Amino acid sequence: MNSPKTKISSSPADFGLGNVTQRVEIHNLPLQSGKSLDRITLAYSTVGQLNREKSNGILICHALTGDQFVASPHPITQKPGWWDQIIGPGKLIDTNRFFVICSNVLGGCMGSTGPASVKPDGGEVYGLSFPMITIGDMVKAQVGLIDHLGIDQLFAVIGGSMGGMQVLEWAAHYSERVFAAVPIATAARHSAQNIAFHEVGRQAIMADPDWREGNYQKFGKVPHRGLAVARMAAHITYLSEPTLHQKFGRRLQERDRPSFGFEADFQVESYLRHQGSSFVERFDANSYLFVTRAMDYFDLYAERGGILSENFRDIKTRFCVTSFTSDWLFPTSESRAIVQALNAVAANVSFVEIESPYGHDSFLLDLPEFHQTLSGFIEASARIRGIA
Amino acid sequence: MTDLLRQDLALIADLIPPGVRLLDIGCGDGALLEYLGRHKNVDGRGIELSQKGVNACVARGLAVVQGDADRDLQSYPTHGFDVVVLSQTLQATRHPDRVVAELVRIGKVAIVSLPNFGRLSIRMQILFGGKMPRTNSLSYEWYDTPNIHLCTLADFYNLLQAQNIKVESFIPVSTAGRPGLWRQKMGLANLLADQGIFRLSRQPTGTIEV
């Protein structure tokens with residue numbers, strides 16, 4: 001597939017993020033649904049320097065509720081970048097050596113065009129009139145960004161969960177622009193169980209009276225409660241039973257005995273409530289609806305008559321696929337299916353299932369075995385690519 | 001240069017023509033794959049059970065998938081490789097018969113090395129000691145051995161016959177790790193060899209599945 005026919009210019013537009021994020025404007029983006037979006041903005045961050053050969057670019061793709069602040073402090077939460085532990089000077093992905101790029105996805109709410117953005121005509125915000133977007137559309141917008149940066153071929157595209165779906169999309173449709181692909185804890189299509197969990201989250205948002213059929217911004221409202229419930233339900237799926245047991249057990253929160261009521265008696269309840277309420281500070285409810293939907297629609301099998309491997313015929317990209325033993329949201333079987341499809345077309349693929357008790361979130365944690373795999377793959381690939 | 005390899009791997013490496021596509025099942029830390037890639041321009045892939053082994057391979061720049069011979073061979077396409085190598089692993093599989101059949105399906109040629117449970121010193125240990133034998137190459141106690149399907153070279157040869165698998169060549173290997181001089185005589189090899197290396201093939205008989 002060709003890159004999108006987009007005219008790109010740097011945009012000085014301000015989305016309330018000040019100058020902490022860079023932006024590009026893409027004049028027109030045809031979408032998978034048949035609709036198109038005009039004058040979209042992608043907010044992104046970069047760390048490190050692009051080398052003269054422009055061969056050291058690494059695109060990091062964020063997960064559902066992630067953003068472009070991968071290795072720099074988050075402007076709202078002030079927390080370190082979400083993958084700060086492996087990306088930075090002298091770290092596993094050494095920014096003295098690599099040029100790391102991370103963009104907020106199309107449909108997101110950290111500066112990229114999404115349902116909370118004002119329409120290009122300057123009138124209203126999109127709200128539910130925002131066109132349905134897909135993982136393919138998100139990646140097409142990223143291709144526009146990579147064009148803008150003047151990079152023909154990325155050294156690596158790396159991402160977990162929804163970020164891993166984007167990695168697979170890059171490999172399936174723009175493989176000549178990806179030297180190495182690292183899809184982590186992901187799947188080539190969203191499972192029925194995962195669609196079901198997403199639907200619970202969306203229904204929670206829509207059931208909040210403050211959602212106002214998606215027009216809450218006009219009414220100066222925020223569907224706090226619905227979005228928080230959506231986050232609480234989703235957060236459980238990112239963990240594992242042993243983790244919850246070890247972290248909280250049946251311990252009570254700041255009390256000696258149960259209240260015999262519906263207060264957050266248990267620590268686990270208090271923790272989830274906190275996860276929910278802190279999430280609404282940094283995420284837009286409609287954006288949550290659209291981005292979860294994009295994941296639901298992701299299906300690389302369907303695009304090729306049900307045969308996944310057809311996406312990867314004659315591919316030159318090197319792959320490193322990883323999964324985690326306790327991840328029940330994107331279980332190892334999903335990664336194995338990807339590996340089998342790549343094997344079927346004799347692609348260059350490595351695969352490791354990492355022992356971890358921490359569930360889906362494992363990829364964001366400090367797991368030495370995982371980091372060894374990642375670092376071994378990146379080092380060897382850089383050697384083969386000839387990156388000093 | 002093959003002295004950098006374990007002796008049995010060096011003998012296997014000698015059997016592999018340059019430039020082939022090769023799958024090494026149970027590839028360990030990737031020593032054979034790396035050697036073949038560097039010195040024989042072999043396009044290699046590996047399967048390895050241990051995460052440690054896979055990590056070592058990945059760090060060498062090799063394409064290796066975590067998996068095991070019993071479970072993960074079905075997904076490989078028929079004749080997807082010129083050569084498939086299974087070294088010192090068959091005796092640790094759950095279904096050696098099925099694994100061997102998969103080897104000659106996936107590879108146009110399969111190279112299998114396995115320890116010989118029929119050699120004289122092992123027979124003597126059972127005969128006179130009355131206990132499960134232990135040797136340098138088979139050093140486990142009976143209760144903690146991963147080698148759940150040990151066989152003699154003659155047993156393996158019979159399995160190949162039963163499965164209509166062609167033995168293209170056979171190298172008995174002495175305890176010193178050298179090719180034995182008894183390669184024409186299976187009975188003698190079965191008595192004296194420490195291990196055997198078989199080069200196997202099967203012409204496709206049925207439909208080819210992808």
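## Two helices within chain A

In chain A, the axes of helix 1 (residues 135-148) and helix 2 (residues 162-173) come within 9 Å and cross at roughly 70 degrees. That makes helix 1 of chain A roughly perpendicular to helix 2 of chain A (65 to 115 degrees; under 35 is roughly parallel, over 145 roughly antiparallel, the rest oblique). Axes are lines fitted to C-alpha atoms, for helices over the stretch in contact, with angles from 0 to 180 degrees between N-to-C directions. Helices are DSSP runs of H or I with at least four residues, strands are E runs of at least two, and both are numbered from the N terminus.

On the helix 1 side of chain A sit A:Ile135, A:Gly136, A:Met138 and A:Val139, meeting A:Met165, A:Gln166, A:Glu169 and A:Trp170 of helix 2 (contact means C-beta atoms, placed from the backbone, within 7 Å).

## About the model

This is a predicted model, where local features need pLDDT of at least 70 and side-chain atom pairs count only at pLDDT 80 or more, while totals for chains, interfaces and linings use all residues. Residues are numbered from 1 along each chain as its sequence is written, with chains lettered from A and ligands numbered from 1 in the order in which they are written.

## Where A meets B

Across the interface, 23 residues of chain A touch 16 of chain B. Helix 9 of chain A gives the largest share of chain A's side, nine residues.

Helix 9 (residues 368-385) of chain A and helix 3 (residues 51-59) of chain B have axes that come within 7 Å, crossing at roughly 25 degrees. The two are therefore roughly parallel to each other.

Notes: Contact = placed C-beta atoms within 7 Å.
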